[in-house]
Structures are given as structure tokens and as C-alpha cells.
Amino acid sequence: MKRIVTAAVVAILTGFLLPDGGARAQTAPSGIRTAQMPKPAATDASAQRRRPLRRVPIYRQEQWEPDVYPRYNPGPNAVRSCTATYVQEYRPSGTVITPRMNCYWRPG
């Protein structure tokens, strides 16, 4: 692609620099040859513009906050105590038994 662009720029500059407005471009010496590419036909794929990539902004938080509740530091040597039980839940489809867990922090 760079070669094609370079050849086109050289051909345009050669036409401007000739004293008679480019009439001698047809009789240029055989040592100077420029590549001329035929213009491609516009197809459905090439006629469509390419959409720019969407950039998603990322905002940094000033202070990191964990996604757990409660948001406090239980202190050093804290232990998490949990109790797990099964309870009945009354639903429109009928009564079901589901597990429940309650946890809290205690000093260790």
C-alpha cells in the first residue's frame, strides 16, 4: 500500500514539475515507470464505512471498598461464627424447606 501511494505522489509531482503542464508525461523515458492500479469496483463490502471501535471509559475509585456487608474491620484475630439451619418457606407452589445461614464476627 505504501508503494502505491509513493508511486502516485511521484507521478503527481512529475506532472507539476514538467514545463509544459504534463504533456511530456506520455513520452517519459523507459527508466521511469509508475505503477498504475485500476480502480476497484465499489462492492457492498467496500462501499460501507468502517465503524470506529467503541471505547469504554474506566473510572478509578478514589478508595477501594469491598462489596461485603457490614463494611467494617472486625479487628485482629476476629473469628466468624455461623449457624446453619433449615426453615420452612411458604410459597404459592407449596411449602419448601430451605437452608438459612446467619454469621457474625466475634473476637477470637
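**Strands, a disulfide and a patch**

Author: Happy to! This is a predicted model. Let's start with strand 1 (residues 78-91) and strand 2 (residues 94-107): they run antiparallel and are joined by 14 bridges.

Reader: Nice. Which residue stands opposite Thr85?

Author: Look across to strand 2 and you'll find Arg100 there, opposite Thr85.

Reader: And how many disulfides are there?

Author: The count is one disulfide. Cys82 and Cys103 are its two partners, with an S to S distance of 2.1 Å. The link is right-handed, with 115° about the S-S bond.

Reader: What does the pair tie together?

Author: Cys82 sits in strand 1 and Cys103 in strand 2, so the pair ties together parts that are 21 residues apart in sequence.

Reader: Is Cys82 buried, exposed or partly exposed?

Author: Cys82 counts as partly exposed because its relative accessibility is 41%. Cys103 is partly exposed too, with a relative accessible area of 31%.

Reader: Changing topic: which residues form the nonpolar patch on the surface?

Author: Those are Met1, Ile4, Val5, Val9 and Leu13, and together they have about 500 Å² of accessible area.

Reader: Where is Ile4 found?

Author: Ile4 belongs to helix 1 (residues 2-17). With 38% relative accessibility, Ile4 counts as partly exposed, since that value falls between the 20% and 50% cut-offs.

Reader: Thanks, that helps a lot!

Notes
Residues numbered from 1 in each chain as written. Predicted model: local features only at pLDDT ≥ 70, side-chain atom pairs only at ≥ 80, totals over all residues. Heavy atoms only, no water. Patch = residues over 30% accessible without salt bridge, like charges linked within 9 Å, V, L, I, M, F, W, Y side chains within 5 Å. Areas by Shrake-Rupley, 256 points an atom, 1.4 Å probe, with all protein chains shown as cover. Salt bridge = Lys/Arg side-chain N within 4 Å of Asp/Glu carboxyl O. Helix = DSSP H or I, 4+ residues; strand = E, 2+ residues; numbered from the N terminus. Buried < 20%, exposed > 50% of the residue type's maximum accessible area, 1.4 Å probe, protein only. Pairing = 2+ DSSP bridges. Disulfide = S-S within 2.5 Å.
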